[in-house]
Amino acid sequence: RESIIIDPGASADKILRRTKDTTVRYILLTHGHRDHIGALVDVAAATHAPVAYHQGDADRMPVPADVSLHDGDTLAFCGGELRVFHNPGHTPGSISFLLDNWLFGGDTVFPGGPGNTKSPEAFKQIVRTIVDKILPLPPRTRIFNGHGLSATVSRVRQEHEAFARRSDTEGLCGDVLWLG
């Protein structure tokens, strides 16, 4: 009867109803954008669960971290482990969490492309993170992103391979599609 809350963006009442009969072990934040932290203050106050995020986004957070997360960290949960990946590019402190064959990726990668970036340097950084940390995961790993449909590593790998063959990628940033 344990739970973890990832990115309480809104609807604190709904989150608290769904977790009321569980022990909330952590409140995990993939990054500090409002749509991922909007209910954080209320959920943290109600659950008293430790709040965990990467310090690269500390200036965006409305509450201090009880646990500062770094690339490669693990968190015990229900007899297993959540592995932490630091995925800078969307924000400096973007992270994702791997539990078995489920990746909770925040806004790092979506079906169709990487998360939004603000500069060509950030775009290169997020693509490097995806290539180095996410694409090596087993093909059937399901990626639950912060918005929209989930994907598999296999699907993202195929889409990225098409992107990597393109010659017009210099200077890209913003919302970029692998196949666009």
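How many residues does helix H5 have, and how far does H5 reach from its first C-alpha to its last? The structure is a predicted model, in which local features need pLDDT of at least 70 and side-chain atom pairs count only at pLDDT 80 or more, whereas totals for chains, interfaces and linings use all residues. Residues are numbered from 1 along each chain as its sequence is written, and side-chain values use heavy atoms, with hydrogens and water left out.

Helix H5 (residues 153-164) has 12 residues and reaches 16 Å from its first C-alpha to its last, close to the 16 Å expected at 1.5 Å a residue, the expected span being 1.5 Å times one less than the number of residues. Helices (H or I, at least four residues) and strands (E, at least two) are DSSP runs, numbered from the N terminus. Within H5, Val 153, Val 156, Glu 159, His 160 and Phe 163 are buried, where buried means under 20% relative accessible area, exposed over 50% and partly exposed in between (1.4 Å probe, protein chains only). These residues lie on the same side of H5 because they cover an arc of only 130° around the axis, the arc being that of the directions from the helix axis to the C-beta atoms. Their cover includes strands S9 (109-110), S10 (113-114), S11 (142-145) and S12 (151-152) together with helix H4 (120-134), contact being defined as heavy atoms within 4.5 Å.

In helix H1 (12-19), the residues Ala 12, Ile 15 and Thr 19 are buried. They cover an arc of only 65° around the axis, which puts them on the same side of H1. On the other side of H1, Asp 13, Arg 17 and Arg 18 are exposed, while the cover of the buried residues includes S1, strand S2 (23-28) and helix H3 (40-47).

The largest pocket holds about 220 Å³ of space; a pocket is, on a 1 Å grid over the protein atoms alone, an open set of points where a 1.4 Å probe fits, with protein on both sides within 12 Å along at least five of seven lines, and lining residues have an atom within 4 Å of a point. Its lining consists of Ile 5, Ile 6, Ala 10, Ser 11, Lys 14, Ile 15, Arg 18 and Thr 19, and H1 gives the most, with four residues. In the second largest pocket, with about 160 Å³ of space, the largest share of the lining, three residues, comes from S8.

Terms used. Grid points are joined across faces, edges and corners, and a volume is the space filled by probe spheres set on the points.
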